[in-house]
Amino acid sequence: MDSEKLHETAKALVAEGKGILAADESSGTIKKRFDAIGVESTEKNRRAYRDLLFTTEGAADYISGVILFDETIRQSTEDGTPFPKALDKAGIIPGIKVDAGAKPLALSPEETITEGLDGLRDRLEEYRELGARFAKWRAVLPIEGEHIPSDYAIWTNAHALGRYAALCQEADLVPIVEPEVLMDGDHTIERAYSVTSRTLQAVFTELYDQRVDFEGMLLKPNMVLPGYDAGEQAPHDEIARATIKCFKRTVPAAVPGVVFLSGGQSDEDATARLNAMNALDEELPWQLSFSYGRALQAAAQKAWSGKAENREAAQRAFYHRAKMNSAARTGAYAPEMEREAVTA
Ligand code: 13P
């Protein structure tokens with residue numbers, strides 16, 4: 001394990017003004033996204049779509065890294081350059097999703113455990129040879145009533161995250177550790193706070209026990225907010241304060257960065273809330289950045305709609321969201337900026 005290289009990569013992924021594009025949708029998820037814009041999910045269409053994202057001129061000003069899916073890391077740009085190589089050439093760090101998805105948890109079938117540990121050491125080796133320098137594993141924890149997630153689901157998922165993260169570091173890949181407490185549901189912000197706190201405590205206990213080097217990893221969490229069906233949403237400032245309070249008590253200062261998932265928030269909410277956190281008058285030990293999937297891509301997907309002639313409009317939409325989220329990294333974002341003219 002090359003600790004120095006891991007620390008350097010982790011820091012580069014949360015470099016000033018930059019964040020991560022999560023373009024690692026599994027075959028099932030990308031089909032859902034394509035269905036929504038009336039595009040057939042063929043290998044050719046998926047390649048064309050990822051191509052337009054990855055070759056957007058100037059994206060590297062705001063995007064530090066891209067998370068790829070197994071199919072995508074093996075695909076190439078129009079001119080035949082493998083995607084990882086093209087990204088690297090543009091100054092963007094290639095990464096890879098390595099979990100095999102959330103499956104029913106034994107004896108608690110309404111909850112899930114993320115699988116993918118079998119054979120992971122060999123797969124990491126192959127991904128590194130294909131150009132990956134960091135990896136991602138997502139655990140999924142929905143909030144339902146008073147008893148879900150159970151401690152059982154929290155601890156088994158935390159243990160798997162620990163095993164994944166240790167294997168990644170051994171392979172010189174920076175692990176992005178993603179325990180996603182779902183923001184769907186009608187729970188209160190207080191319940192989101194307590195479940196997220198419990199989850200992060202368990203995750204960092206497992207990471208510590210499994211000898212994970214905190215300086216060589218990133219955390220990818222949800223924000224702490226009321227469930228989407230809870231009725232009235234909290235103001236951005238309240239969400240920012242609750243999220244930061246939770247992290248200050250659970251996330252070690254040695255972790256270089258927290259890169260949020262967007263998890264179904266609107267594009268502008270995801271940006272405004274990240275901005276609100278970075279605008280708080282508080283000294284924080286970690287960089288607060290983004291690793292958004294939907295919140296960086298939804299507008300681009302709509303603009304593209306599967307048509308080659310819309311490629312540039314889609315790139316403009318993606319570039320714009322990347323730029324807005326970059327501004328949110330320093331608390332400099334304002335909703336008026338959404339209306340500014342943008343050029344890709
Ligand atoms: P969203 O930002 O769409 O939640 O996706 C991020 C991600 O990588 C989920 O694993």
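Around the ligand stand 13 residues, of which Lys 136, Lys 220, Ser 262, Gly 263 and Gly 293 come nearest; a residue is near a molecule if one of its heavy atoms lies within 4 Å of it. The model is predicted, and local features need pLDDT of at least 70, side-chain atom pairs count only at pLDDT 80 or more, and totals for chains, interfaces and linings use all residues. Residues are numbered from 1 along each chain as its sequence is written, and side-chain values use heavy atoms, with hydrogens and water left out.

The shell around the ligand comprises six charged, four polar and three nonpolar residues; in this division Asp, Glu, Lys and Arg are charged, Ala, Val, Leu, Ile, Met, Phe, Trp, Tyr, Cys and Pro are nonpolar, and the others, Gly among them, are polar.

At least two residues of the shell come from each of strand 6 (134-141) and strand 10 (287-292); strands are DSSP runs of E, at least two residues long, numbered from the N terminus. Both strands belong to a closed barrel of eight strands with parallel pairing, in the order 1-2-3-6-7-8-9-10, where pairing requires at least two DSSP bridges. Strand 3 (residues 93-97) pairs with strand 6 in the parallel sense over three bridges, and Gly 95 stands opposite Phe 134 of strand 6.

Methods:
Helix = DSSP H or I, 4+ residues; strand = E, 2+ residues; numbered from the N terminus.
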